[in-house]
Amino acid sequence: MRDSTRALAEWIAAGGRQIGEVLIEAGDAGFELRHYADRARDDLVLHERADAARAIATFDEAGRFRPLKTAPNLRRGWRLRLGSLSELREALDHLYPAMIGVWLSHQRGELQAVDLRETLARQTGMYRVTQKITDSQADELIGRFCRSEDGCLKHILWRIDTDRPVTTLPPDKLRPAVAGGFLPLLCHEACNLLVAQAREVVKKCEAKP
Amino acid sequence: MFSAKPESALVVVGHGSTVNPDSSAPTLDHVQELRRRGVFGEVHAAFWKEEPSLRQVPYLVDCDEIYVVPNFISEGYFTRTVIPRELELEGAVTSRGPRKIHYCEPVGSHPRMTELLLRRAAEIAPGVPPEETSLLIVGHGTSLNDNSAVAAKREVERIAAQGRYAEVFNAYMEEEPLIAKWDEFTTRPNVVVVPFFIADGLHSYEDIPVLLGIAETSAGAASASEQEVFRGNPYSRRGRTLFYASAIGTEPLFADLILEQVTAFDAAHREPALA
(Lines give C-alpha, C1' and ligand atoms only; values in the text may rest on other atoms or scores of the structure.)
Protein backbone atom coordinates (compact mmCIF):
# COMPACT_ATOMS: atom_id res chain seq x y z
CA MET A 1 0.00 0.00 0.00
CA ARG A 2 1.30 3.44 -0.88
CA ASP A 3 1.56 6.18 1.76
CA SER A 4 0.82 9.66 0.45
CA THR A 5 1.48 11.33 3.80
CA ARG A 6 4.97 9.85 3.88
CA ALA A 7 5.46 10.96 0.27
CA LEU A 8 4.53 14.48 1.37
CA ALA A 9 7.11 14.30 4.18
CA GLU A 10 9.78 13.15 1.73
CA TRP A 11 8.90 15.96 -0.65
CA ILE A 12 9.31 18.51 2.15
CA ALA A 13 12.57 16.91 3.29
CA ALA A 14 13.85 17.24 -0.27
CA GLY A 15 13.16 20.98 -0.25
CA GLY A 16 9.46 21.17 -1.16
CA ARG A 17 8.11 24.59 -0.19
CA GLN A 18 5.02 25.56 -2.16
CA ILE A 19 1.68 24.06 -3.21
CA GLY A 20 -0.50 26.32 -5.31
CA GLU A 21 -0.58 29.66 -3.51
CA VAL A 22 0.51 28.17 -0.17
CA LEU A 23 4.00 28.38 1.25
CA ILE A 24 5.10 25.64 3.64
CA GLU A 25 7.81 26.37 6.16
CA ALA A 26 9.15 23.36 8.03
CA GLY A 27 10.78 23.93 11.41
CA ASP A 28 11.65 22.11 14.63
CA ALA A 29 8.18 22.71 16.08
CA GLY A 30 6.30 21.55 13.00
CA PHE A 31 5.04 23.45 9.98
CA GLU A 32 3.75 26.88 9.19
CA LEU A 33 1.57 27.68 6.18
CA ARG A 34 0.68 31.04 4.67
CA HIS A 35 -0.26 32.59 1.34
CA TYR A 36 2.91 33.05 -0.71
CA ALA A 37 2.06 36.72 -1.24
CA ASP A 38 2.10 37.14 2.56
CA ARG A 39 5.64 35.80 2.98
CA ALA A 40 7.04 39.11 4.21
CA ARG A 41 4.08 40.11 6.38
CA ASP A 42 4.19 40.03 10.17
CA ASP A 43 0.58 41.01 10.86
CA LEU A 44 -1.04 37.69 9.93
CA VAL A 45 -3.82 36.11 12.00
CA LEU A 46 -2.49 32.92 13.58
CA HIS A 47 -4.49 29.67 13.42
CA GLU A 48 -3.36 26.47 15.08
CA ARG A 49 -5.86 23.84 14.03
CA ALA A 50 -5.75 21.93 10.76
CA ASP A 51 -9.48 22.37 10.24
CA ALA A 52 -9.00 26.16 10.15
CA ALA A 53 -7.77 25.49 6.61
CA ARG A 54 -11.29 24.45 5.65
CA ALA A 55 -12.68 27.91 6.50
CA ILE A 56 -9.69 29.62 4.86
CA ALA A 57 -10.28 27.70 1.62
CA THR A 58 -14.06 28.18 1.51
CA PHE A 59 -14.39 31.90 0.71
CA ASP A 60 -12.26 34.32 -1.27
CA GLU A 61 -11.09 37.74 -0.11
CA ALA A 62 -14.47 39.27 -1.02
CA GLY A 63 -16.40 36.55 0.86
CA ARG A 64 -17.49 34.69 -2.28
CA PHE A 65 -17.71 30.89 -2.21
CA ARG A 66 -14.79 29.12 -3.91
CA PRO A 67 -16.22 26.03 -5.64
CA LEU A 68 -12.81 25.42 -7.24
CA LYS A 69 -10.07 25.21 -4.64
CA THR A 70 -7.29 25.46 -7.23
CA ALA A 71 -8.58 28.84 -8.44
CA PRO A 72 -5.93 31.55 -7.88
CA ASN A 73 -8.07 33.36 -5.31
CA LEU A 74 -7.04 31.90 -1.98
CA ARG A 75 -7.55 34.60 0.61
CA ARG A 76 -4.64 36.19 2.43
CA GLY A 77 -3.94 37.48 5.92
CA TRP A 78 -3.58 34.18 7.81
CA ARG A 79 -0.87 31.83 8.96
CA LEU A 80 -1.45 28.30 10.09
CA ARG A 81 0.90 26.65 12.57
CA LEU A 82 0.68 22.86 12.73
CA GLY A 83 2.50 20.52 15.09
CA SER A 84 2.49 17.30 13.10
CA LEU A 85 2.74 15.85 9.64
CA SER A 86 -0.78 14.41 9.86
CA GLU A 87 -2.17 17.86 10.65
CA LEU A 88 -0.22 19.28 7.71
CA ARG A 89 -1.74 16.62 5.48
CA GLU A 90 -5.24 17.42 6.73
CA ALA A 91 -4.77 21.17 6.18
CA LEU A 92 -3.44 20.64 2.64
CA ASP A 93 -6.37 18.34 1.88
CA HIS A 94 -8.68 21.25 2.75
CA LEU A 95 -6.64 23.83 0.81
CA TYR A 96 -5.99 21.65 -2.25
CA PRO A 97 -8.28 18.60 -2.11
CA ALA A 98 -6.91 15.42 -3.71
CA MET A 99 -3.80 17.19 -5.02
CA ILE A 100 -1.25 15.25 -2.95
CA GLY A 101 -2.70 11.91 -3.97
CA VAL A 102 -2.96 12.92 -7.63
CA TRP A 103 0.64 14.16 -7.60
CA LEU A 104 1.86 10.93 -6.00
CA SER A 105 -0.07 8.86 -8.54
CA HIS A 106 1.62 10.87 -11.29
CA GLN A 107 5.04 10.27 -9.70
CA ARG A 108 4.34 6.56 -9.66
CA GLY A 109 3.19 6.55 -13.29
CA GLU A 110 -0.35 5.58 -12.27
CA LEU A 111 -2.23 8.74 -13.18
CA GLN A 112 -4.35 8.24 -16.29
CA ALA A 113 -5.32 11.40 -18.14
CA VAL A 114 -8.79 11.30 -19.69
CA ASP A 115 -9.39 13.34 -22.84
CA LEU A 116 -12.29 15.77 -22.83
CA ARG A 117 -14.22 13.81 -25.49
CA GLU A 118 -14.19 10.75 -23.26
CA THR A 119 -15.38 12.76 -20.26
CA LEU A 120 -18.22 14.30 -22.28
CA ALA A 121 -19.17 10.97 -23.88
CA ARG A 122 -19.78 9.59 -20.39
CA GLN A 123 -22.21 12.32 -19.34
CA THR A 124 -25.91 11.61 -18.84
CA GLY A 125 -28.89 13.70 -17.83
CA MET A 126 -28.52 17.46 -18.15
CA TYR A 127 -24.86 17.20 -19.20
CA ARG A 128 -25.37 14.79 -22.09
CA VAL A 129 -25.84 17.77 -24.39
CA THR A 130 -22.17 18.75 -23.85
CA GLN A 131 -21.27 16.06 -26.41
CA LYS A 132 -22.36 18.56 -29.07
CA ILE A 133 -19.60 21.05 -28.31
CA THR A 134 -17.18 21.38 -31.25
CA ASP A 135 -13.43 20.99 -30.81
CA SER A 136 -12.85 24.65 -31.53
CA GLN A 137 -15.59 25.76 -29.11
CA ALA A 138 -14.04 23.53 -26.45
CA ASP A 139 -10.57 24.90 -27.18
CA GLU A 140 -11.81 28.47 -26.84
CA LEU A 141 -13.69 27.64 -23.63
CA ILE A 142 -10.67 25.93 -22.04
CA GLY A 143 -8.44 28.87 -22.96
CA ARG A 144 -10.85 31.21 -21.20
CA PHE A 145 -12.00 29.08 -18.25
CA CYS A 146 -8.89 27.16 -17.23
CA ARG A 147 -6.18 29.79 -17.66
CA SER A 148 -3.97 30.24 -14.62
CA GLU A 149 -4.35 34.02 -14.41
CA ASP A 150 -7.95 33.99 -13.20
CA GLY A 151 -9.27 30.47 -13.74
CA CYS A 152 -7.39 27.52 -12.31
CA LEU A 153 -3.80 26.85 -11.26
CA LYS A 154 -3.79 23.19 -12.27
CA HIS A 155 -1.64 21.91 -15.11
CA ILE A 156 -3.78 20.18 -17.72
CA LEU A 157 -2.65 16.66 -18.68
CA TRP A 158 -5.55 15.77 -21.01
CA ARG A 159 -6.30 16.71 -24.61
CA ILE A 160 -9.58 17.66 -26.25
CA ASP A 161 -9.40 14.45 -28.27
CA THR A 162 -6.71 11.86 -29.05
CA ASP A 163 -5.38 13.91 -31.96
CA ARG A 164 -6.57 17.34 -30.80
CA PRO A 165 -4.51 19.04 -28.08
CA VAL A 166 -5.54 22.25 -26.37
CA THR A 167 -4.05 25.14 -28.35
CA THR A 168 -5.34 28.14 -26.44
CA LEU A 169 -3.10 27.86 -23.37
CA PRO A 170 0.67 28.28 -23.02
CA PRO A 171 2.76 25.06 -23.29
CA ASP A 172 3.76 25.28 -19.60
CA LYS A 173 0.13 24.95 -18.62
CA LEU A 174 -0.14 21.66 -20.49
CA ARG A 175 2.64 19.74 -18.77
CA PRO A 176 3.34 19.11 -15.12
CA ALA A 177 5.46 21.84 -13.55
CA VAL A 178 8.99 20.79 -12.76
CA ALA A 179 10.20 23.88 -10.88
CA GLY A 180 12.07 22.87 -7.74
CA GLY A 181 10.23 23.26 -4.48
CA PHE A 182 6.76 23.26 -6.06
CA LEU A 183 4.29 20.42 -5.69
CA PRO A 184 2.42 20.60 -9.01
CA LEU A 185 -1.37 20.83 -9.08
CA LEU A 186 -2.40 18.35 -11.75
CA CYS A 187 -5.62 18.05 -13.74
CA HIS A 188 -6.02 14.55 -15.17
CA GLU A 189 -9.60 15.06 -16.31
CA ALA A 190 -11.95 18.00 -16.93
CA CYS A 191 -13.83 18.98 -13.78
CA ASN A 192 -17.59 19.29 -13.46
CA LEU A 193 -17.25 23.08 -13.58
CA LEU A 194 -15.78 22.91 -17.07
CA VAL A 195 -18.40 20.36 -18.16
CA ALA A 196 -21.10 22.72 -16.85
CA GLN A 197 -19.53 25.56 -18.86
CA ALA A 198 -19.50 23.34 -21.96
CA ARG A 199 -23.24 22.89 -21.46
CA GLU A 200 -23.68 26.68 -21.41
CA VAL A 201 -21.73 27.01 -24.68
CA VAL A 202 -23.90 24.38 -26.39
CA LYS A 203 -27.14 25.82 -24.99
CA LYS A 204 -26.22 29.33 -26.13
CA CYS A 205 -25.40 28.00 -29.58
CA GLU A 206 -28.71 26.11 -29.82
CA ALA A 207 -30.66 29.18 -28.72
CA LYS A 208 -29.35 31.15 -31.72
CA PRO A 209 -31.72 31.09 -34.70
CA MET B 1 -19.92 -0.59 18.31
CA PHE B 2 -18.17 -0.35 14.97
CA SER B 3 -15.20 -2.66 14.59
CA ALA B 4 -12.31 -0.54 13.32
CA LYS B 5 -10.90 -1.00 9.81
CA PRO B 6 -7.40 0.46 9.96
CA GLU B 7 -6.50 -1.13 6.61
CA SER B 8 -9.49 0.34 4.79
CA ALA B 9 -10.48 3.73 3.45
CA LEU B 10 -13.92 5.29 3.79
CA VAL B 11 -15.15 7.68 1.10
CA VAL B 12 -18.31 9.63 1.87
CA VAL B 13 -19.87 10.97 -1.33
CA GLY B 14 -21.96 14.14 -1.39
CA HIS B 15 -23.55 16.17 -4.16
CA GLY B 16 -21.81 19.48 -3.48
CA SER B 17 -22.55 22.82 -5.10
CA THR B 18 -20.76 25.39 -7.21
CA VAL B 19 -22.91 28.15 -5.68
CA ASN B 20 -22.61 27.88 -1.90
CA PRO B 21 -20.83 25.84 0.77
CA ASP B 22 -24.02 24.65 2.49
CA SER B 23 -24.51 21.58 0.31
CA SER B 24 -21.14 20.01 1.11
CA ALA B 25 -20.88 21.23 4.71
CA PRO B 26 -22.64 18.29 6.45
CA THR B 27 -20.64 15.74 4.43
CA LEU B 28 -17.38 17.49 5.38
CA ASP B 29 -18.54 17.65 9.02
CA HIS B 30 -19.32 13.93 9.11
CA VAL B 31 -15.95 13.15 7.50
CA GLN B 32 -14.16 15.29 10.08
CA GLU B 33 -15.97 13.48 12.90
CA LEU B 34 -15.20 10.03 11.44
CA ARG B 35 -11.52 10.94 11.03
CA ARG B 36 -11.45 12.02 14.65
CA ARG B 37 -12.78 8.62 15.71
CA GLY B 38 -9.91 6.90 13.91
CA VAL B 39 -11.98 3.86 12.92
CA PHE B 40 -10.72 3.81 9.31
CA GLY B 41 -7.19 4.00 7.96
CA GLU B 42 -8.32 7.09 6.04
CA VAL B 43 -11.58 8.96 5.57
CA HIS B 44 -12.29 11.24 2.63
CA ALA B 45 -15.17 13.21 1.20
CA ALA B 46 -15.82 13.24 -2.54
CA PHE B 47 -18.34 15.25 -4.52
CA TRP B 48 -20.09 15.46 -7.85
CA LYS B 49 -19.79 19.25 -8.00
CA GLU B 50 -16.88 20.06 -5.71
CA GLU B 51 -13.44 18.77 -4.88
CA PRO B 52 -12.26 16.16 -4.26
CA SER B 53 -14.21 15.00 -7.29
CA LEU B 54 -15.45 11.45 -7.77
CA ARG B 55 -12.90 11.10 -10.58
CA GLN B 56 -10.07 11.92 -8.17
CA VAL B 57 -11.06 9.19 -5.70
CA PRO B 58 -8.82 6.43 -7.17
CA TYR B 59 -5.80 8.72 -6.79
CA LEU B 60 -6.82 10.24 -3.50
CA VAL B 61 -6.98 7.00 -1.56
CA ASP B 62 -3.95 5.04 -0.32
CA CYS B 63 -5.69 1.88 0.96
CA ASP B 64 -6.54 -1.00 -1.36
CA GLU B 65 -9.86 -1.67 0.33
CA ILE B 66 -12.34 1.17 -0.09
CA TYR B 67 -15.86 1.61 1.26
CA VAL B 68 -17.98 4.18 -0.55
CA VAL B 69 -21.05 5.51 1.29
CA PRO B 70 -23.31 7.97 -0.57
CA ASN B 71 -24.45 10.74 1.75
CA PHE B 72 -27.79 10.96 -0.04
CA ILE B 73 -31.31 10.93 1.35
CA SER B 74 -32.46 8.10 -0.92
CA GLU B 75 -31.61 5.82 -3.79
CA GLY B 76 -31.95 7.68 -7.06
CA TYR B 77 -30.24 9.05 -10.13
CA PHE B 78 -27.05 9.94 -8.27
CA THR B 79 -26.66 6.73 -6.31
CA ARG B 80 -27.65 4.45 -9.22
CA THR B 81 -26.20 6.27 -12.22
CA VAL B 82 -23.77 9.10 -11.50
CA ILE B 83 -21.68 7.66 -8.65
CA PRO B 84 -21.25 4.15 -10.18
CA ARG B 85 -20.40 5.70 -13.56
CA GLU B 86 -17.87 8.20 -12.22
CA LEU B 87 -16.20 5.61 -9.96
CA GLU B 88 -16.43 2.94 -12.68
CA LEU B 89 -18.17 0.52 -10.34
CA GLU B 90 -19.35 -2.88 -11.51
CA GLY B 91 -21.81 -3.56 -8.72
CA ALA B 92 -21.75 -3.81 -4.96
CA VAL B 93 -18.14 -5.01 -5.09
CA THR B 94 -15.66 -3.88 -7.73
CA SER B 95 -12.21 -5.44 -7.97
CA ARG B 96 -9.55 -3.51 -9.86
CA GLY B 97 -5.99 -4.79 -9.56
CA PRO B 98 -5.15 -4.93 -5.85
CA ARG B 99 -8.13 -2.73 -5.09
CA LYS B 100 -11.55 -3.67 -3.87
CA ILE B 101 -14.31 -1.06 -3.81
CA HIS B 102 -17.40 -1.72 -1.70
CA TYR B 103 -20.40 0.34 -2.68
CA CYS B 104 -22.75 0.77 0.29
CA GLU B 105 -26.37 1.89 0.51
CA PRO B 106 -27.06 5.63 0.85
CA VAL B 107 -27.22 6.95 4.38
CA GLY B 108 -30.87 7.98 4.04
CA SER B 109 -31.93 4.38 3.45
CA HIS B 110 -30.76 3.26 6.88
CA PRO B 111 -33.57 2.01 9.16
CA ARG B 112 -32.32 4.27 11.96
CA MET B 113 -33.25 7.35 9.92
CA THR B 114 -36.65 7.17 11.64
CA GLU B 115 -34.98 7.44 15.03
CA LEU B 116 -32.98 10.48 13.87
CA LEU B 117 -36.09 12.25 12.60
CA LEU B 118 -37.85 11.63 15.92
CA ARG B 119 -34.83 12.84 17.82
CA ARG B 120 -34.64 16.03 15.77
CA ALA B 121 -38.36 16.62 16.23
CA ALA B 122 -38.05 16.22 20.01
CA GLU B 123 -34.97 18.47 20.19
CA ILE B 124 -36.58 21.33 18.30
CA ALA B 125 -39.68 21.31 20.53
CA PRO B 126 -38.43 20.46 24.03
CA GLY B 127 -41.15 19.72 26.54
CA VAL B 128 -43.90 19.82 23.91
CA PRO B 129 -46.12 16.73 24.29
CA PRO B 130 -46.11 14.65 21.07
CA GLU B 131 -49.74 13.67 21.64
CA GLU B 132 -50.69 17.32 21.12
CA THR B 133 -48.38 17.75 18.13
CA SER B 134 -48.59 17.32 14.37
CA LEU B 135 -45.28 16.28 12.81
CA LEU B 136 -44.48 17.19 9.20
CA ILE B 137 -41.65 15.60 7.24
CA VAL B 138 -40.94 17.88 4.28
CA GLY B 139 -39.55 16.60 1.00
CA HIS B 140 -38.83 18.27 -2.30
CA GLY B 141 -41.48 16.48 -4.29
CA THR B 142 -40.88 16.80 -8.00
CA SER B 143 -40.61 14.08 -10.61
CA LEU B 144 -36.82 14.48 -10.46
CA ASN B 145 -36.86 13.37 -6.87
CA ASP B 146 -39.38 10.56 -6.93
CA ASN B 147 -37.22 8.34 -4.78
CA SER B 148 -36.72 10.94 -2.09
CA ALA B 149 -40.49 11.32 -1.92
CA VAL B 150 -40.81 7.55 -1.55
CA ALA B 151 -38.22 7.61 1.24
CA ALA B 152 -40.01 10.47 2.98
CA LYS B 153 -43.31 8.54 2.79
CA ARG B 154 -41.64 5.46 4.22
CA GLU B 155 -40.36 7.49 7.19
CA VAL B 156 -43.81 8.97 7.84
CA GLU B 157 -45.35 5.49 7.84
CA ARG B 158 -42.76 4.24 10.32
CA ILE B 159 -43.21 7.22 12.63
CA ALA B 160 -47.00 6.93 12.45
CA ALA B 161 -46.76 3.22 13.30
CA GLN B 162 -45.05 4.12 16.57
CA GLY B 163 -48.11 6.18 17.58
CA ARG B 164 -46.05 8.68 19.55
CA TYR B 165 -47.19 11.78 17.68
CA ALA B 166 -50.85 12.68 17.40
CA GLU B 167 -50.45 12.80 13.63
CA VAL B 168 -47.65 12.61 11.08
CA PHE B 169 -47.76 13.87 7.50
CA ASN B 170 -45.58 14.19 4.46
CA ALA B 171 -45.54 17.63 2.92
CA TYR B 172 -43.84 18.91 -0.21
CA MET B 173 -42.73 22.18 -1.66
CA GLU B 174 -44.14 21.56 -5.11
CA GLU B 175 -46.84 18.91 -4.83
CA GLU B 176 -49.75 17.98 -2.59
CA PRO B 177 -49.92 18.01 0.31
CA LEU B 178 -48.30 21.43 -0.02
CA ILE B 179 -46.26 22.69 2.89
CA ALA B 180 -47.76 26.13 2.23
CA LYS B 181 -51.14 24.73 3.40
CA TRP B 182 -49.75 23.18 6.58
CA ASP B 183 -52.50 24.67 8.76
CA GLU B 184 -55.23 23.10 6.59
CA PHE B 185 -54.31 19.46 7.06
CA THR B 186 -52.86 19.53 10.57
CA THR B 187 -55.21 19.65 13.54
CA ARG B 188 -53.04 19.90 16.67
CA PRO B 189 -52.01 23.04 18.56
CA ASN B 190 -48.29 22.32 18.00
CA VAL B 191 -46.76 21.70 14.61
CA VAL B 192 -43.17 20.44 14.18
CA VAL B 193 -41.60 20.65 10.72
CA VAL B 194 -38.47 18.65 9.81
CA PRO B 195 -36.95 19.01 6.29
CA PHE B 196 -35.97 15.61 4.91
CA PHE B 197 -32.90 16.93 3.11
CA ILE B 198 -29.23 16.01 3.28
CA ALA B 199 -28.09 19.62 3.75
CA ASP B 200 -29.37 23.04 4.60
CA GLY B 201 -29.54 25.50 1.74
CA LEU B 202 -31.94 27.74 -0.06
CA HIS B 203 -34.82 25.26 0.45
CA SER B 204 -34.46 25.00 4.21
CA TYR B 205 -33.21 28.54 4.86
CA GLU B 206 -35.72 30.33 2.71
CA ASP B 207 -38.14 28.45 0.44
CA ILE B 208 -39.81 26.35 3.15
CA PRO B 209 -39.82 29.18 5.75
CA VAL B 210 -41.53 31.45 3.22
CA LEU B 211 -44.12 28.75 2.47
CA LEU B 212 -44.67 28.23 6.21
CA GLY B 213 -45.13 31.96 6.67
CA ILE B 214 -42.20 32.43 9.05
CA ALA B 215 -39.89 34.34 6.66
CA GLU B 216 -40.07 36.86 3.84
CA THR B 217 -38.70 36.22 0.37
CA SER B 218 -35.21 37.71 0.18
CA ALA B 219 -33.37 39.20 -2.74
CA GLY B 220 -31.74 35.88 -3.53
CA ALA B 221 -29.12 33.34 -2.66
CA ALA B 222 -27.13 35.89 -0.67
CA SER B 223 -29.23 35.03 2.35
CA ALA B 224 -28.78 31.29 1.94
CA SER B 225 -26.22 31.02 4.70
CA GLU B 226 -28.55 32.54 7.26
CA GLN B 227 -29.32 30.32 10.22
CA GLU B 228 -31.61 32.97 11.72
CA VAL B 229 -34.77 31.14 10.84
CA PHE B 230 -33.93 28.30 13.25
CA ARG B 231 -33.34 30.73 16.12
CA GLY B 232 -36.86 32.14 15.98
CA ASN B 233 -38.54 28.98 17.34
CA PRO B 234 -41.29 28.67 18.33
CA TYR B 235 -43.35 30.71 15.88
CA SER B 236 -46.97 31.65 16.53
CA ARG B 237 -48.69 31.41 13.16
CA ARG B 238 -52.22 30.77 11.98
CA GLY B 239 -53.39 30.03 15.52
CA ARG B 240 -50.73 27.35 16.16
CA THR B 241 -47.30 27.04 17.70
CA LEU B 242 -44.87 26.14 14.92
CA PHE B 243 -41.39 24.62 15.40
CA TYR B 244 -39.03 24.52 12.43
CA ALA B 245 -35.91 22.29 12.36
CA SER B 246 -32.84 22.41 10.12
CA ALA B 247 -32.29 19.71 7.48
CA ILE B 248 -32.04 16.20 8.93
CA GLY B 249 -28.67 15.65 7.21
CA THR B 250 -27.02 18.18 9.54
CA GLU B 251 -27.66 15.81 12.45
CA PRO B 252 -24.28 14.73 13.90
CA LEU B 253 -25.62 11.16 14.32
CA PHE B 254 -25.38 10.84 10.53
CA ALA B 255 -21.74 9.91 11.18
CA ASP B 256 -22.97 6.81 13.03
CA LEU B 257 -25.33 5.92 10.21
CA ILE B 258 -22.47 6.14 7.70
CA LEU B 259 -20.56 3.55 9.76
CA GLU B 260 -23.67 1.42 10.11
CA GLN B 261 -24.07 1.36 6.34
CA VAL B 262 -20.55 -0.09 6.17
CA THR B 263 -21.47 -2.72 8.77
CA ALA B 264 -24.68 -3.50 6.87
CA PHE B 265 -22.68 -3.86 3.66
CA ASP B 266 -20.29 -6.34 5.26
CA ALA B 267 -23.18 -8.32 6.71
CA ALA B 268 -24.81 -8.57 3.28
CA HIS B 269 -21.79 -9.06 1.01
CA ARG B 270 -18.81 -10.48 2.83
CA GLU B 271 -17.87 -13.98 3.70
CA PRO B 272 -17.88 -14.48 7.46
CA ALA B 273 -14.34 -14.06 8.84
CA LEU B 274 -12.55 -17.30 9.70
CA ALA B 275 -12.22 -17.84 13.40
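Reply: In this predicted model, 20 residue pairs are in polar contact between chain A and chain B, with both partners at pLDDT 80 or more. A polar contact here is a pair of N or O atoms within 3.5 Å; within protein, one must be able to donate a hydrogen and the other to accept it, and residues adjacent in sequence count only if both atoms are side-chain atoms. On the chain A side, the elements that give two or more residues to this meeting place are helix H1 (4-13), helix H2 (52-58), helix H3 (85-95), helix H4 (99-107) and helix H7 (192-207). (Helices are DSSP runs of H or I with at least four residues, strands are runs of E with at least two, and both are numbered from the N terminus.) The touching residues of chain A divide into 13 nonpolar, 13 polar and 12 charged. For that tally, Ala, Val, Leu, Ile, Met, Phe, Trp, Tyr, Cys and Pro are nonpolar, Asp, Glu, Lys and Arg are charged, and the others, Gly among them, are polar.

Before going on, a word on how to read the names and values. Residues are numbered from 1 along each chain as its sequence is written, while chains are lettered from A and ligands numbered from 1 in the order in which they are written. Local features need pLDDT of at least 70, side-chain atom pairs count only at pLDDT 80 or more, and totals for chains, interfaces and linings use all residues, with side-chain values resting on heavy atoms and leaving out hydrogens and water.

Salt bridges also link the two chains: there are 5 of them, each a side-chain nitrogen of Lys or Arg within 4 Å of a carboxyl oxygen of Asp or Glu. One you can look for joins Arg122(A) to Glu86(B), where the closest N and O atoms are 2.9 Å apart.

How much of each chain takes part? Chain A brings 38 residues to the contact and chain B brings 27, contact meaning heavy atoms within 4.5 Å. The buried area between the chains is about 2,700 Å², and carbon and sulfur atoms give 49% of that. Three residues, Arg54(A), Phe65(A) and Arg122(A), supply 23% of what chain A buries against chain B, more than any other three. Buried area is the accessible area (1.4 Å probe) that two parts lose on being put together, summed over both.

Now follow two of those helices back into chain A. In the loop between H3 and H4 of chain A sits Ala98(A); its phi is near 70 degrees, a positive value in a residue other than glycine.

H1(A) lies across E1, E2, strand E3 (30-35) and E7 of chain A, and runs at about 80 degrees to E2(A). Axes are lines fitted to C-alpha atoms, for helices over the stretch in contact, and angles run from 0 to 180 degrees between N-to-C directions. These strands belong to an open sheet of 6 strands with mixed pairing, in the order E4-E5-E3-E2-E1-E7 (chain A). At its edges are strand E4 (45-47) and strand E7 (182-183) of chain A, each pairing on one side only. Two strands pair if DSSP finds at least two bridges between them. Strand E1 (residues 18-19) and strand E2 (residues 22-27) of chain A pair in the antiparallel sense over 2 bridges, and there Gln18(A) stands opposite Leu23(A) in E2(A).
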